[in-house]
Amino acid sequence: KRKDKDFTSCLLGFVTMESERTNSSTPKGRGVNFSAPRSFFLKFSCKCKETFFPDDPFKPISQEPNGLMKTKKTLQYFVPIFEWLPKYNLQKLRYDVLAGITITSLAVPQGISYANLADSSFVPPFVYAVLGSSHTLAVGTVAACSLLIAETFGEELLKTDPNLYLHLIFTSAFVTGVFQFALGFFRLGMLVDFLSHSTITGFMGGTAIIILLQQLKGVFGIVHFTHKTDVVSVLHSVFSHRDEKKIKPKLFWVSAMGPMVVVLVGCLVAYLVKGTEHGIKTVGPLKKGLNPPSIQYLTFDAKYLPLVLKAGIVTGLIALAEGIAIGRSFAVMKNEQTDGNKEMIAFGLMNIIGSFTSCYLTTGPFSKTAVNYNAGTKTPMSNIVMGFCMMLVLLFLAPVFSYTPLVALAAIIMSAMLGLIDYEEMYHLFKVDKFDFVVCMSAFFGVSFISMDYGLIISVGFSVLRALLYVARPSTCKLGRIPNSVMFRDIEQYPGAEEMLGYVILQMGSPIFFANSTYVRERILRWIRDEPEGVEFLLLDLSGVSSVDMTGMETLLEVRRILVSKGIKMVIINPRFEVLEKMMLSHFVEKIGKEYVFLSIDDAVQACRFNLSTTAKPEP
């Protein structure tokens with residue numbers, strides 16, 4: 001106790017001397033700010049704002065001088081079309097019309113391939129053009145979600161009761177829309193972040209593999225094909241039904257050089273040679289006319305509700321992750337900004353309204369968006385043009401596409417899927433981060449050899465495990481002084497940094513709470529044990545600690561008690577505002593003393609040196 005009292009007196013003396021010596025050159029308030037803690041409601045509101053509104057979207061609205069401008073800004077924020085439409089001109093229209101017609105040429109064969117042309121409603125592009133924040137994203141059906149929905153409901157149901165199957169598809173699209181809208185409305189876009197880039201890369205690659213293999217049914221004309229999607233089952237089905245293969249060499253030249261060209265040429269050839277009579281399988285009858293209302297077909301039967309919820313939520317999450325990631329990627333290329341939460345709301349309403357108009361699940365596919373970007377689109381008007389073109393096709397040209405050969409659609413899908421296997425990105429992950437590579441490969445092989453949902457779960461599980469490891473085993477490093485400076489850096493990263501005899505300076509790099517408090521305590525004590533010479537002071541730099549709970553503070557107090565028993569003094573450096581508030585409210589600062597808390601490492605080191613030089617003087 002006497003030694004602690006002497007150390008406290010020395011520290012106070014050092015602080016007083018330093019204050020007098022640097023009064024003219026040191027800015028006011030250099031010391032740690034021990035102001036009164038904020039109220040609970042103020043801290044809670046600040047935390048909610050940082051969690052749900054990190055971009056502070058309403059600040060520009062509040063800065064407007066009058067109510068009319070505030071109303072205008074609010075309307076532009078929630079309905080983006082009111083932001084870009086007043087600035088629209090004929091020059092932009094020229095590019096958007098060209099882009100809209102181009103993506104329609106891709107949308108028609110994709111609509112036939114992934115769903116049915118009649119289910120590819122023209123309504124979603126109009127909804128997205130009004131509410132979407134991306135100027136480049138082109139909406140439509142995607143192969144991954146299409147296959148996942150088909151796998152969820154099963155081909156048996158399609159054969160036994162096709163009407164019920166169709167109604168469940170509409171219902172799953174409705175569930176997807178509600179789920180996506182809720183995520184955006186409650187600003188929960190952070191949930192999509194659990195689908196890491198590695199997971200998406202592996203998932204898309206694995207999905208591409210099984211979709212490619214599924215197209216062998218159409219390529220070879222196999223009638224009895226497996227309902228499973230894993231690689232082993234598909235290959236077994238292909239080789240076990242070799243006698244069903246019907247390849248017509250003279251007609252097999254149809255390829256995916258251009259989706260619309262393939263479809264039109266395939267239709268023409270199948271019609272002229274009466275392909276159905278010669279074993280060429282086609283799409284079959286397609287009725288012309290606009291999509292009828294389907295709200296009355298939404299089915300919430302308890303027997304099928306689990307399947308509907310599974311298909312709607314899983315595909316909704318995948319569609320969001322893919323659509324938002326693609327929109328952001330192309331926005332960066334055009335130096336534009338997209339709002340993830342507004343995109344969720346747009347996707348959600350797009351699928352809700354689409355489910356009311358006989359529409360299949362819709363999102364932002366990569367292939368169509370890339371075509372839209374390369375065609376020179378300027379605004380979401382290209383989606384409106386595509387919607388009108390699709391409407392004209394449904395009204396007048398739908399029966400023409402009934403002659404589309406399945407082999408042509410298989411070629412279109414296979415050519416699109418090859419681009420989803422990103423070999424270069426997988427190799428890049430292997431070189432940069434082996435754990436990210438494991439996450440990617442778990443999705444790739446899980447989807448390919450087990451199933452799409454299990455592959456996704458395994459990959460997300462690895463990602464969450466990695467996040468938990470980061471939380472439970474936070475980084476801690478020992479600091480040394482850079483020669484001829486007052487900077488302190490990690491001695492592993494900077495081998496030239498000088499360790500100080502009698503000091504252990506540690507930097508904590510993450511929150512301290514119940515999940516990692518034991519590790520933090522053991523790691524600090526290990527640093528002390530590993531010192532070859534006697535330790536006088538432990539300096540803890542908490543500038544990287546964003547929060548601390550009661551378990552964490554009890555851990556720090558326990559460490560201090562152990563160090564005191566060994567004659568070692570613990571000093572706290574630069575605790576952040578929230579951490580310092582917790583320390584003051586829990587009387588942590590009162591227990592260790594304000595004189596043990598410093599603003600910088602250099603201040604703490606100088607104070608400790610002053611103490612050593614003072615106590616080292618012999619008594620007269």
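Reader: Where does Asn 372 sit?
Author: Asn 372 is in helix α17, which covers residues 366–374. Helices here are DSSP runs of H or I with at least four residues, strands are E runs of at least two, and numbering goes from the N terminus. Keep in mind that this is a predicted model: local features need pLDDT of at least 70, side-chain atom pairs count only at pLDDT 80 or more, and totals for chains, interfaces and linings use all residues. Residues are numbered from 1 along each chain as its sequence is written, and side-chain values use heavy atoms, with hydrogens and water left out.

Reader: Okay. Is Asn 372 buried or exposed?
Author: Asn 372 counts as buried because its relative accessible area is 0%. Buried means under 20% relative accessible area, exposed means over 50%, and partly exposed is in between (1.4 Å probe, protein chains only).

Reader: Zooming out, how many helices and strands does the chain have?
Author: The chain has 27 helices and six strands. Of its 620 residues, 49% are buried. Among contacts with a separation of 6 or more, 81% are between residues 24 or more positions apart.

Reader: Let's do α23. What span should it have, and what are its ends doing?
Author: Helix α23 runs over residues 517–529, so its 13 residues at 1.5 Å a residue should span 18 Å, and its end C-alpha atoms are 18 Å apart, which agrees. The expected span is 1.5 Å times one less than the number of residues.

Reader: Which α23 residues are buried?
Author: Ser 517, Val 520, Arg 521, Arg 523, Ile 524, Leu 525, Trp 527 and Ile 528 are buried. The buried residues of α23 pack against β1 (476–481), β3 (503–508), β4 (537–541) and α24 (550–565).

Reader: At what angle do α23 and α24 pack?
Author: About 25 degrees, with the axes 9 Å apart. Axes are lines fitted to C-alpha atoms, for helices over the stretch in contact, and angles run from 0 to 180 degrees between N-to-C directions. The two helices are therefore roughly parallel to each other. The classes are: under 35 degrees roughly parallel, over 145 roughly antiparallel, 65 to 115 roughly perpendicular, and the rest oblique.

Reader: Which residues of α23 and α24 make the contact?
Author: On α23 they are Ser 517, Arg 521, Ile 524, Leu 525 and Ile 528, and on α24 they are Thr 551, Gly 552, Thr 555, Glu 558, Val 559, Ile 562 and Leu 563.

Reader: Tell me about Thr 555. What does it touch?
Author: Thr 555 touches Ser 517 and Arg 521, not counting residues up to four places away in sequence. Thr 555 is buried, with a relative accessible area of 6%. The Thr 555 side chain also reaches the backbone oxygen of Thr 551 at 2.8 Å.

Reader: Another helix pair: how do α7 and α16 pack?
Author: Helix α7 (residues 123–131) and helix α16 (residues 340–356) pack at about 155 degrees, with their axes 9 Å apart. That makes α7 roughly antiparallel to α16. The α7 side of the contact includes Val 127 and Tyr 128, and the α16 side includes Phe 347 and Met 350.

Methods: Contact = heavy atoms within 4.5 Å. Polar contact = N/O pair within 3.5 Å; in protein donor to acceptor, adjacent residues only side chain to side chain.
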